[in-house]
Structure formats: structure tokens, C-alpha cells
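Please consult the sequence and the model alongside the points below.

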Amino acid sequence: MDRDLLTLADQQYGLITRRQLRAHGFDRNRTARWVRSGRLAPVQPNVFALAGSTAGPHRDLLAKVLETGTDATASHTTAAWLWGIAGFRRDPVHIVVSRQSRHHHHLPWAVHQFTGILDAYQRTVHRIPTTSPALTMLHLAQVVGPQRLDQAIDNAWSLGLLSGEDLARLDEDLAIQGRNGIAALREAARKRGPDWVPPQSNIESRFMSLLGPTGDEFERQVPITGSGWNARVDFLHRASRTVVEIQSERYHTSLTDRESDRRRRERLEEAGYRVMEVWDDELFAAPELALDRILTAIRSAA
């Protein structure tokens, strides 16, 4: 096996496709001899692994992508898993191609067709061709509900994978109505705007989801300054000057944490803000009571 082919295999977790073997002088008989000798092991009908290469979830996924075709790209929930977006798994495997063929109908994983801009939105993650974060959000909008889509967008934004500009560019590049999922993605982008600040934690996301439409009245991660001090609050209802701080048992129960929170609260109250704390166990054990307490305070202030 020549050096170029070995280099290619090394870039693919030790995998080689039948097409790549042919391009380097392997006819059907020579490939069969290498399989019989154990130097190549079939992992898919048209994908082989070099002897000694290590199996694993990423190699298994890349083998499926290579089997699907030269333009195949991991997509949907599988792409979200590759990008490290919380709440998604590799399986069931989703792969997108620019044009489907009869070969795709016989594959035991989901193959989707996406025409027009796939090449421009293909990236490489863990050596695997993967849809960009923005295109991944569009594909997620096709298979998950609005709440889960919102959580995925927030998570990707927090990780620095996504921005409002990215979503706007994708919408512009699509340039047509009727794409499956585009209406949900546009609504998600509209709610956030170009200067969106993503939630800093899962419990912030939980609180936002509980607020529902009322959440539009809150600003998140708002800097507030006073005489010789400044603070960034989790949520601010500006009309009623109500600050909501999301507290975690893990980070806000030590003596030093309590003292720091007390001083912060006093400064905000002296500056004319009402400060309300919501604890993480409330948001999961008694969310209705926590939400009612916040909304009652806002109404009384108004």
C-alpha cells in the first residue's frame, strides 16, 4: 500500500473506501486478497478498516458517512452530538446528501436530501464531514419541537458555535420559502435578535422556558453599575425594576458565597431594585410556585 493511501487512511481512523482503493491501483481481486489475508477488514459493504486500527463511535460513524457517498455529511441530531450540543446522541444516525440515489434506500440509517448549499455549510468535526452549527439548527427544527430547538440554539450560542449573524446568513443563502424547518428557525432567530446573550447555565434555560411568552419582558445577563461597584444580574424586569437571580445549591451555600450574595443584594436594593432569588431545586420540584412568586412581585411593583 503506497504512502498516500496510508496517509489517507490515517486521516480516516484507519478506514479506506472501495473507491479510494481503486484510485490507488486496487482492483477487485487485489482487494479480496487483502481481505482474506486480514490486512483489510470490511466494516461496511464499501468501507474497509486497516488491520490494527481501533474501533470506536467516531470511526463507526465515519464508516457510515463514507458508505453513504462522497458528498455525505453527518446532520440533524447526529451533527448536534458531534458539535457537543447538550441533549443529543449519535444514534439514530442522520446523514444528508445533495442528491439521493437507489443506494441510499437500502442503508440502515436515515439519509436526507438537501440541495443547493450543502458544500458551503460542510465542516469537519472529529475528522467527520458535519453540517455547520447553523445548518444543524435548521435540520433540528425539522425533527424536534420548539422548546428543544430553543435549548439547542442557546447551548450552541453559549459554546461560541453560533450567532445571530450565522442564522441570518443561512436564511439569506436559502433565499426561498418553504424549506422544512425554516419557519421555526426564523422565529427562534427573531426572538433572540442579533445581540442575544445565551443562558449561562441549564437552570437559567429552565427558568426561561417556564416564563413562556412573559420571558420577552425580561433581559438577561444585564450589567448594573453603582457608586464604586458593578454587577451582572441574571434577569432584569426593567419596567418593575425587579432583578431575578438564579441560585444553585452547589455554588451559593458556603459562608463566603452567602456573604458575597448579601452584599450584592444590598447594593442592588440601595440602587432601587427589588431582588428576588430562585433556587435550582425550586425550578425542578415546585416550578409553578416559583414562577407565581416572581410574577406576583412584578404585578405588585407595577
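Alanine 183 lies in helix H10, where helices (H or I, at least four residues) and strands (E, at least two) are DSSP runs numbered from the N terminus. Alanine 183 is exposed, with a relative accessible area of 57%; buried means under 20% relative accessible area, exposed over 50%, and partly exposed in between (1.4 Å probe, protein chains only). The model is predicted, so local features need pLDDT of at least 70 and side-chain atom pairs count only at pLDDT 80 or more, while totals for chains, interfaces and linings use all residues. Residues are numbered from 1 along each chain as its sequence is written, and side-chain values use heavy atoms, with hydrogens and water left out.

**Helices H9 and H10**

- The axes of helix H9 (residues 164-174) and H10 come within 10 Å and cross at roughly 145 degrees; axes are lines fitted to C-alpha atoms, for helices over the stretch in contact, and angles run from 0 to 180 degrees between N-to-C directions.
- H9 passes H10 in a left-handed crossing, a term that applies if the near helix is turned anticlockwise from the far one by less than a right angle, with right-handed used if clockwise.
- Leu167, Leu170, Asp171 and Leu174 of H9 meet Ile182, Leu185, Arg186 and Ala189 of H10, contact being heavy atoms within 4.5 Å.
- Gly164, Leu167, Leu170 and Leu174 are buried in H9. These residues cover an arc of only 130 degrees around the axis, which puts them on the same side of H9; the arc is that of the directions from the helix axis to the C-beta atoms.
- Glu165 and Glu172 are exposed on the face of H9 turned away from its buried side.
- The cover over the buried residues of H9 includes H7, H8 and H10.

**Helix H7**

- Helix H7 (residues 133-143) is largely enclosed by the rest of the structure, because nine of its 11 residues are buried.
- The buried residues of H7 are Pro133, Ala134, Leu135, Thr136, Met137, Leu138, His139, Leu140 and Ala141.
- Elements covering these buried residues of H7 include H5, E5, strand E8 (128-131), helix H8 (146-158), H9 and H10.

**Threonine 78**

- Threonine 78 lies in helix H5 and is buried, with a relative accessible area of 0%.
- Not counting residues up to four places away in sequence, threonine 78 touches Leu61, Arg89, Arg90, Pro92, Val93 and His94.

**Helix H14**

- Helix H14 (residues 287-301) has 15 residues and reaches 21 Å from its first C-alpha to its last, close to the 21 Å expected at 1.5 Å a residue; the expected span is 1.5 Å times one less than the number of residues.
- Pro287, Ala290, Leu291, Ile294, Ala297 and Ile298 are buried in H14. They cover an arc of only 130 degrees around the axis, which puts them on the same side of H14.
- Glu288, Leu289 and Arg299 are exposed on the other side of H14.

**Salt bridges**

- A salt bridge is a side-chain nitrogen of Lys or Arg within 4 Å of a carboxyl oxygen of Asp or Glu, and by this rule the count comes to 14.
- Aspartate 60 and arginine 90 form a salt bridge through their side chains (2.9 Å, N to O). This pair links distant parts of the chain, 30 residues apart: aspartate 60 is in helix H4 (residues 57-68), and arginine 90 is in the loop between helix H5 (76-83) and strand E5 (94-97).
- Aspartate 60 is partly exposed, with a relative accessible area of 28%, whereas arginine 90 is buried at 15%.
- A network of salt bridges links Asp60, Lys64, Arg90 and Asp91.
- Glutamate 187 and arginine 190 form a salt bridge (2.7 Å, N to O). The two residues are separated by about one helical turn, because they are three residues apart in helix H10 (residues 182-192).
- Glutamate 187 counts as partly exposed at 35% relative accessibility, and arginine 190 is exposed, with a relative accessible area of 56%.
- Arginine 293 and glutamate 282 also form a salt bridge (2.9 Å, N to O). Arginine 293 lies in helix H14 and glutamate 282 in helix H13 (residues 280-285), so the pair ties together parts that are 11 residues apart in sequence.
- Arginine 293 is partly exposed, with a relative accessible area of 30%, and glutamate 282 counts as partly exposed at 21% relative accessibility.
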